[in-house]
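Colleague: Mind walking me through how to read this one? I'd like the general idea first, then the case at hand.

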There are 2 protein chains.
Amino acid sequence: MFKPPKGTRDLEPDDMILRDKIIEKIKEIFERYGYLPLITPAFEELSTLTAKGGIGPEAVKQIYSFKDKAERELGLIYDLTVPLVRYITTNPDIKLPFKRYQISRVWRYEDISKGRYREFWQADIDIVGSSSMLADSEIIACAIDAFKNIGFKNFIIRLNNRKILSALIEYAGVDKNKIEDVLRTIDKFDKIGRKGVEEELLNIRKINKVSCDKILELIEIKGKPKDILKKAENIIKDIKIGIDGIKELNEIIFYLEKMEAIDVIKIDFSLARGLDYYTGPIFEVFIEENIGSLAGGGRYDKMIGLFSKKDIPAVGISLGLDRIVEIVKEKKIFELPKTNIKVFVIPVNKNLIPYALEISQKIRKEKINCIIDLMNRKLSKNFEYANSQKIPFVIIIGEKEIKQNKLRLRDMVTGKEELLDMKDIIKKLK
Amino acid sequence: MFKPPKGTRDLEPDDMILRDKIIEKIKEIFERYGYLPLITPAFEELSTLTAKGGIGPEAVKQIYSFKDKAERELGLIYDLTVPLVRYITTNPDIKLPFKRYQISRVWRYEDISKGRYREFWQADIDIVGSSSMLADSEIIACAIDAFKNIGFKNFIIRLNNRKILSALIEYAGVDKNKIEDVLRTIDKFDKIGRKGVEEELLNIRKINKVSCDKILELIEIKGKPKDILKKAENIIKDIKIGIDGIKELNEIIFYLEKMEAIDVIKIDFSLARGLDYYTGPIFEVFIEENIGSLAGGGRYDKMIGLFSKKDIPAVGISLGLDRIVEIVKEKKIFELPKTNIKVFVIPVNKNLIPYALEISQKIRKEKINCIIDLMNRKLSKNFEYANSQKIPFVIIIGEKEIKQNKLRLRDMVTGKEELLDMKDIIKKLK
């Protein structure tokens with residue numbers, strides 16, 4: 001008994017030290033691009049979270065909902081996009097464009113057998129108010145810089161457009177009632193490959209061979225971004241929405257070139273993304289191995305209008321912080337000490353506590369992270385503790401040393417000890 | 001419609017910029033004293049939150065409780081202490097002392113008429129495993145340094161001991177069934193004064209005059225910490241638990257002197273603190289005016305034992321972040337710009353967008369926070385926007401300037417413009 005609730009976990013110090021550093025690196029880039037911090041509440045009115053044009057009925061099933069003592073229906077937030085849309089609706093006079101970042105927890109009652117947690121962290125940026133592809137390009141460029149700033153090297157941005165997917169559906173002649181299913185199958189292309197998609201389309205989705213071939217014709221186009229878009233344009237040239245979508249992606253490609261953020265871009269017509277609210281370009285951040293996406297986003301020009309009756313275009317991306325932390329650990333993208341404590345001050349007997357207190361305060365004044373023995377333990381026990389906590393240095397305070405006006409500094413890695421005065425100790429610890 | 005749920009609010013960019021800075025200053029000191037970061041889930045099993053020896057029945061009424069889809073009973077966390085105790089119980093082999101900080105939101109269904117929010121932020125430090133008064137002293141010294149690091153100057157630490165309160169009750173001969181009520185009345189001493197307390201004790205709590213006088217005799221002792229403790233010792237010299245309590249406070253005073261953290265300490269026998277779980281020293285941080293406490297904590301040696309059947313002593317303090325942010329704003333303890341955006345790049349026409357993109361990326365590479373016009377607006381509209389956002393500088397990109405290989409930098413405060421090359425602009429912006 002007394003465990004974290006199923007699907008949640010404690011983020012322990014060694015994990016948190018790394019996570020805080022990653023958050024710091026992400027925030028640095030978000031602010032570099034002019035996104036400002038916003039924190040909305042952990043729960044919203046349930047009617048906000050389930051509103052039409054929002055996350056869609058499948059996602060709504062995963063909301064943790066409850067009533068407050070006044071029988072108000074509430075729900076823990078499912079993502080950071082719907083709360084942003086609600087915030088814009090609450091503040092109709094806000095100056096546009098509104099660019100904000102939000103780094104916080106969200107909650108989904110998900111199937112935990114897939115290694116997913118029900119409480120997890122997202123780091124989102126969004127631009128509200130601009131319909132220009134400049135905004136989509138900036139979101140992508142900023143995400144790229146964030147991943148680079150963390151230290152990621154091998155990642156790609158998969159880029160598609162919901163408009164092109166609509167055109168693909170039309171081109172292939174898919175029945176209206178099968179669109180969702182077909183998109184879900186197409187979305188698996190990078191996981192199950194051509195053969196897997198073909199089989200699923202023909203045998204499970206019951207799509208005819210001609211339609212299936214047309215779908216594969218498009219999603220299998222290979223080449224550089226501009227070449228892929230050119231080829232696709234030739235295929236769907238009669239479908240206006242598709243041509244619009246291709247034009248948008250061409251614009252994004254052009255801007256990203258100017259921003260020197262083009263080398264990781266991959267046009268991928270099989271990318272569909274689950275959430276209902278996207279209306280234009282969509283994108284995901286992948287690292288090479290088959291790990292799934294580390295970030296995903298897109299344009300959602302209709303959602304705010306459905307909330308507030310006033311159409312406002314918007315685009316954003318969400319970084320999945322937990323998976324990023326996992327990959328940073330696994331691939332040793334960077335490593336940090338298990339602790340940020342630098343030195344452990346140990347008085348060898350009770351009488352020396354007052355002196356040890358003075359010493360530790362002096363060390364702290366020098367901005368060095370320092371602890372002192374609070375358990376009145378023997379030296380050997382304290383060494384054990386220091387080792388278990390991976391604290392690099394120990395200061396031993398004994399009567400002999402005090403008489404000489406010195407302190408004994410022990411390097412816990414080498415085991416070497418030196419008799420030093422305070423000034424030299426500070427120098428050494430810094 | 002579409003507002004934050006009752007009792008909650010959005011923390012908007014100008015508030016968040018200040019809040020983030022305050023959190024940074026608090027974290028710096030917490031880490032200086034060797035506290036490590038821990039984040040526990042936003043909700044716990046309801047049985048954890050309501051466990052005997054925890055927050056107590058009055059507080060339990062304020063928990064936001066709900067069931068997940070598997071009918072598991074859960075509750076949003078009410079404070080950060082119970083989750084810590086649960087964490088220790090979940091990890092029985094953890095090395096002691098365990099010192100952690102946690103800065104996160106907690107939720108209480110409170111009466112919002114008092115200007116309280118139902119979602120608010122706490123910043124806690126706790127030491128688990130040490131029964132020494134060194135630990136209590138360190139918690140107090142660390143809190144003092146945190147407030148000083150934020151910039152607070154006039155604050156005091158009110159210090160008392162639950163053991164002394166027990167002795168006071170015994171000394172005054174208060175009926176067992178009236179203890180809670182009497183303590184609640186005593187706790188108001190700094191708000192309603194001697195007369196208020198006397199009236200409430202006699203007329204509402206129905207305490208006899210002799211008892212009342214004895215209570216006032218103790219809580220009215222004035223003087224320096226050591227003198228107050230001396231006088232109290234003489235009064236309750238026959239009550240062992242009281243003498244123990246006084247001995248503990250004398251020890252804390254002694255240690256805090258050594259830590260140069262004594263000048264803000266005020267012994268105050270009227271301090272009671274609401275939560276049920278305290279067993280020893282208790283303390284609160286007050287600023288001079290009648291604002292209420294900015295932080296509060298104490299020793300809780302029985303709580304972990306009630307959870308895990310193994311007694312482990314603990315002590316901690318919780319800083320109320322929202323009130324701290326409020327006071328920093330009100331008293332202008334420090335001020336920050338409304339935005340952290342340094343410069344706004346504006347191409348005067350569409351053809352110059354590619355060039356403007358290149359420029360903004362160059363500026364960002366220099367670690368300067370920069371935005372670019374995403375709305376394709378006129379110069380005057382963009383100036384308006386820059387002013388509304390309090391962005392200090394604007395770079396205007398026009399054809400004339402490009403031909404000279406220069407950029408026009410406008411100081412939005414003075415309105416002055418200069419024609420500079422990239423190098424000089426970077427210098428100026430840094």
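This is a predicted model: local features need pLDDT of at least 70, side-chain atom pairs count only at pLDDT 80 or more; totals for chains, interfaces and linings use all residues.

Modeller: Let's begin with a strand pair: E3(B) and strand E4 of chain B (residues 73-76) run antiparallel and are joined by three bridges. Strands are DSSP runs of E, at least two residues long, numbered from the N terminus, and two strands pair if DSSP finds at least two bridges between them.

Residues are numbered from 1 along each chain as its sequence is written, and chains are lettered from A and ligands numbered from 1 in the order in which they are written.

Colleague: In what order do the three strands of the open sheet in chain B come?

Modeller: The order is E2-E4-E3, with antiparallel pairing. Strand E2 (43-45) and strand E3 (65-67) of chain B each have a single partner strand, so one side of each has no neighbour in the sheet.

Colleague: And how many residues of chain A are in contact with chain B?

Modeller: Contact means C-beta atoms, placed from the backbone, within 7 Å. Here 75 residues of chain A are in contact with 74 residues of chain B.

Colleague: Which residues is A:Ala143 in contact with, leaving aside neighbours within four places in sequence?

Modeller: Those are A:Val285, A:Ala295, A:Ile317 and A:Leu319.

Colleague: How is chain A divided into domains?

Modeller: Bounds come from an automatic or database domain assignment: domain 1 covers 13-330 and domain 2 covers 343-429. Their C-alpha centres lie 52 Å apart.

Definitions and conventions: Two residues are in contact if their C-beta atoms, placed from the backbone, lie within 7 Å. Helices (H or I, at least four residues) and strands (E, at least two) are DSSP runs, numbered from the N terminus.
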